[in-house]
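Notebook open, structure loaded. I want to go through the ligand, the chain contact, the domains and the core in turn.

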Amino acid sequence: MSIYRTHILVPIDEGTVQAGVFEVKRTLEREIRERGLEGEVRVLETGTVGIVGKGVLLAVYPDRIYYSGMRPSDVALLVEEHLLKGRVPSSLKHAPLDLQDGAKVLHRTGLTLPQKRVVLDKAWKVAPDDMREVLASGGYAGLERIVADRMTPEAVIDEVKKSGLRGRGGAGFPTGLKWELTRNSPGGRKYIICNADEGEPGTFKDRLILEGDPHRIVEAMTIAGYAMGATKGYVYIRGEYALSIERMQKAIDQAREYGLLGPDVLEHGFAFDLEIKKGAGAYICGDETALLESLEGKRGNPRIKPPYPVAHGLWQEPTSVNNVETLANVPGIIARGAGWFRTMGTEKSSGTKVFTILGHVEHPGLVEVEMGTPLRELVFSYGGGVSGGRKFKAALLGGASGVFLPEGLLDVRMDFESLKENKAVLGSGAVLVMDEDASIVDMLFSILKFFAHESCGRCAPCRIGTRQLLNLAWKLRRGKGRETDLDTMLRLAELMCGTALCPLGQSVIMPVRSAIEYFRGEFEACVKKTTEEARV
Amino acid sequence: MKLEELRAIREKSEKEMALRDGKSRIRVVVGMGTSGIAAGARETLKALLDEVAKRELRDVVVSQAGERGLSSHEPVVSVFEEGKPTVVYGSVSAELARRIVAEHLVNGNPVSGSVIEINS
Ligand SMILES: Cc1cc2nc3c(=O)[nH]c(=O)nc-3n(C[C@H](O)[C@H](O)[C@H](O)COP(=O)(O)O)c2cc1C
């Protein structure tokens, strides 16, 4: 098609149709034919070009000139002068077409700055349901290596251990160790479970992996099954994730068809199959023990630990529960080796981490960067800074069970160790930014409302504690608080941390303590308002 | 399926894709995740397919993938071209999709106002 020296675009929209564009186009085509230019000049219809009220338009490329107000009687002149003689007839209304100015980026977003895409590298490039594209882009290369190199299950676990991979679901437990414990626990059947409940507010990383690259999870779970001696895996996906469920199911079906799942995977003498279970969207069901209950068909109440799932998990059999993002790292580690994985991130937090940046930022969205990237970079480079040019007040890291960090801690590095040093957590990777006008008291109130709603009610500390905390925060917000309330809140949250049955009640302390510690003034202002009002 | 078969299929797919890339000058990928679809990516995809078919652009492949995380810029369309930087468009309406075909794919002039990334 590049043999055409000139293209004439004919924008078709309401305005140009009314002005008689089709007649102009027919005349143009006739003129071109009559002058023997059909082989050189091509006429193309396009949609609107955004120029309105100027009658019929003709845009000439590559000259980047557009003519407006064209009538059929003008066409002969245009063809004669412009197309044959190469000069623009001044009697015709024309202007340079500056709608497109080479490849210039006008709406730059920080989200497209260079990233280290590993688990989400293919998700936006490769058709997730086209097996040819999946294989051609390196899908199942990890599984292939296991079979080709005759890697033993122990060797697979060893590779994962050496990579330093740690859980991306919140707690950061070493994945290789979890697999080893599961493998070494006595039991009839063993299970690998992918935790795709993704209930942490502001988090949607797992959804992007499942929607964009579901075969990566199928491969990872097959590798995990082989390593641990599990023949069955479950993908526990929250029910709202309709597209994730659909794409995952398709991937499972395709893998079965290709013999990558089934009674004899790659005819290598091991059986493995996958099944999807839908969750009903309760926050607590993201906790691995509540998830197991839910999988068994019971109410999603958490179990008392120990025993841990690696010894007594699904149906009391040894079970490894792993987060989607954690698993998504596995195929690369096996295919490219632990050494490659360790080149990314920090010594104790190797690899990349996916973050969702939201709240008061210019460019909310998702990035995948190396572990150890400073928080400041996430907020100000990728997120484009605080929206509307306002000042930064705080970032809530890790969702509801997360920690508020003030401006003074913007340089903290986002990896397990650095955050721990600052009494913070990586959590789910959600980074919620709050500007100077946002109220920490309001935010904490809404978090406590979330906890009171999501508490399963099984143990008293959490059932009563979340309610009491909510009441205290409500009083503060309504200007009915007392000075002692702040300490009561802290004491209560600490008490819950020590006595609640499961990590839900235990982690309420995280947002409560950080909010009051770093933003005490804001809480005290609420109390002051109360005392002043009382005096009046 | 045996290892050898997997390898054979992979190799064949790679060749096919390369062949496809050889035959096809341009690969246009629409982000079809939940956010993309909610923002109208299905209409965008339809417009691209329709416009490419109408113009009989045999060297252009329109494909779909998951999303990239550019939330507020959905629907996102990426144009991959051999030997050229990848151009990523944001907020691609059906109308803009048609313009991308006309101006970028046909004439090689990216539609500037809507480009959010150029990636070599
Ligand atoms: C209340 C609560 C909610 C949780 N929600 C999730 C979740 O949505 N997704 C997840 O992967 N882990 C969640 N977890 C952590 C899991 O219990 C578990 O640690 C994790 O799935 C282990 O996987 P990993 O080792 O790959 O991180 C949650 C924990 C708690 C206490």
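This is a predicted model: local features need pLDDT of at least 70, side-chain atom pairs count only at pLDDT 80 or more; totals for chains, interfaces and linings use all residues.

Started with the ligand: I found 22 residues around it, and G167(A), G169(A), G286(A), N323(A) and T326(A) come nearest.

Next I asked which elements give two or more residues to the shell around the ligand. I got strand 9 (319-323) and helix 19 (503-506), both of chain A. Strand 9 of chain A has the largest share of the shell, at three residues. By class, I count nine polar, seven nonpolar and six charged residues in the shell around the ligand.

Chain contact. How many residues of chain B are in contact with chain A? I get 45 residues of chain B, against 47 residues of chain A. On the chain B side, the elements giving two or more residues include helix 1 (3-23), helix 4 (94-106) and strand 5 (115-119) of chain B. Strand 1 (26-31), strand 2 (60-65) and strand 4 (86-89) of chain B are also on that list. Helix 1 of chain B gives the most to this side, with eight residues.

Domains. The assignment for chain A reads domain 1 (6-96), domain 2 (131-342), domain 3 (352-435) and domain 4 (440-535). I picked domains 2 and 3 of chain A, whose centres are 27 Å apart over C-alpha atoms. Their contact takes eleven residues from domain 2 of chain A and 13 residues from domain 3 of chain A. The domain 2 side of that contact has four charged, four polar and three nonpolar residues.

Core. The largest nonpolar core holds 190 residues, and I217(A), I223(A), A395(A) and V431(A) touch the most other members. Helix 9 (residues 214-228) of chain A gives the most to this core, with nine residues. I then looked up what V431(A) touches, leaving out residues up to four places away in sequence.

Last one, G86(A): buried or exposed? I located G86(A) in the loop between helix 3 (75-85) and strand 5 (94-96) of chain A. G86(A) counts as exposed because it has 9 other C-beta atoms within 10 Å, and the cut-off for exposed is 12 or fewer. I also checked G86(A) against D63(A): the two are 23 residues apart in sequence and 9.7 Å apart in space, C-alpha to C-alpha.

Terms used:
Residues are numbered from 1 along each chain as its sequence is written. Chains are lettered from A and ligands numbered from 1 in the order in which they are written. A nonpolar core is a set of buried Ala, Val, Leu, Ile, Met, Phe, Trp, Tyr and Cys residues joined through C-beta atoms within 7 Å. A residue is buried if 20 or more other C-beta atoms lie within 10 Å of its own, exposed if 12 or fewer, and partly exposed in between; C-beta atoms are placed from the backbone. Helices (H or I, at least four residues) and strands (E, at least two) are DSSP runs, numbered from the N terminus. Two residues are in contact if their C-beta atoms, placed from the backbone, lie within 7 Å. Domain bounds come from an automatic or database domain assignment. Ala, Val, Leu, Ile, Met, Phe, Trp, Tyr, Cys and Pro count as nonpolar, Asp, Glu, Lys and Arg as charged, and the others, Gly among them, as polar. A residue is near a molecule or strand if its C-beta atom, placed from the backbone, lies within 6 Å of it.
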